[in-house]
Amino acid sequence: LQISFDYYRLGEDLKMEKNRRITVSPIQMVVKNQYYYLLACETWKILGRAGANRGGGGLYPVVKSYRLDRLSNPIIEDVKAEVDIKTLRKHGEEPNPEDFLRTHPYMRSAGVPTRSASFLCDKEFLDVVVEDLGTDLRVQAVQPKVGKTHTKNTEKMVKVSLKITLSELIEFACRYPQHVFLLSPDAAVKKQQELYEERRKVMEDIANLDV
């Protein structure tokens, strides 16, 4: 059966405010980053070219996560769930909660496909990598040509390869700018460089305030 609930977010006054009423097909409750989450499907309607020409459309299921402490007034609806595991697999969504947790370390990129990615990091930093991203990744010694564009000594670094959403990969890299150097995909590398440059300019502006 479907369930519906009010979902809240943090407002500018640092108090929780109602965002919207949501109806979903539940999958499972999980624990991640010291919070309880509900994994569920919202079904989004999309129109392709053929559908638009014919006035029709298709239903595309999206697995999303909802923090239980931001959920209130839940109601079990007398309506059959729209999405099941078979439907999820048909549309390329991964119904296994363990896989969802692995590829969404910060639980913020629901409905976004995962990408193959890689980055350089210090060998001593692997503890943090595993704490944030889990163990389903590949660690390789760095070949000299891989690290030529980086100033750090690559003899003390490793290459990490994994599957992750693009936005959460960038968030991970920006959390640890002195330790993580993205190698792929190109879109993430470019975004990391842009964010670092923006941060540098902001830091300069802040420093000039004290002059």
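# Exercises on a predicted model: helix α5 and its surroundings

The axes of helix α5 (residues 166–175) and helix α6 (residues 186–209) come within 10 Å of each other and cross at roughly 40°. Axes here are lines fitted to C-alpha atoms, for helices over the stretch in contact, and angles run from 0 to 180 degrees between N-to-C directions. This is a predicted model in which local features need pLDDT of at least 70 and side-chain atom pairs count only at pLDDT 80 or more, while totals for chains, interfaces and linings use all residues. Residues are numbered from 1 along each chain as its sequence is written, and side-chain values use heavy atoms, with hydrogens and water left out.

**Exercise 1. Classify the crossing of α5 and α6.**

Step 1. Take the crossing angle, roughly 40°. That angle makes α5 oblique to α6; angles under 35 degrees count as roughly parallel, over 145 as roughly antiparallel, 65 to 115 as roughly perpendicular and the rest as oblique.

Step 2. Place the helices in the protein, which has six helices and nine strands. Both kinds are DSSP runs numbered from the N terminus, helices being H or I with at least four residues and strands E with at least two.

**Exercise 2. Describe the contact of α5 with α6 by residue and by class.**

Step 1. List the two sides, with contact meaning heavy atoms within 4.5 Å. From α5 come L166, L169, I170, A173 and C174, and from α6 come A187, A188, K191, Q192, L195 and Y196.

Step 2. Sort them: nine residues are nonpolar, one is polar and one is charged. Ala, Val, Leu, Ile, Met, Phe, Trp, Tyr, Cys and Pro count as nonpolar, Asp, Glu, Lys and Arg as charged, and the others, Gly among them, as polar.

Step 3. Follow Q192, a residue of helix α6. Q192 counts as buried at 6% relative accessibility; buried means under 20% relative accessible area, exposed over 50%, and partly exposed in between (1.4 Å probe, protein chains only). Leaving aside neighbours within four places in sequence, Q192 is in contact with A173, V180, F181 and L182.

**Exercise 3. Find the buried residues of α5 and what covers them.**

Step 1. The buried residues of α5 are E168, L169, I170, E171, F172 and A173.

Step 2. Their cover includes α3 (97–103), β6 (114–122), α4 (126–133), β8 (157–165), β9 (180–184) and α6.

Step 3. For the whole protein, 35% of the 211 residues count as buried.

**Exercise 4. Characterise the backbone at P185 and at N73.**

Step 1. P185 is in the loop between β9 and α6. The peptide bond from S184 to P185 is cis, with omega near 0°.

Step 2. N73 is in strand β5 (residues 71–76). Phi of N73 is near 55°, a positive value in a residue other than glycine. N73 is partly exposed, with a relative accessible area of 46%.
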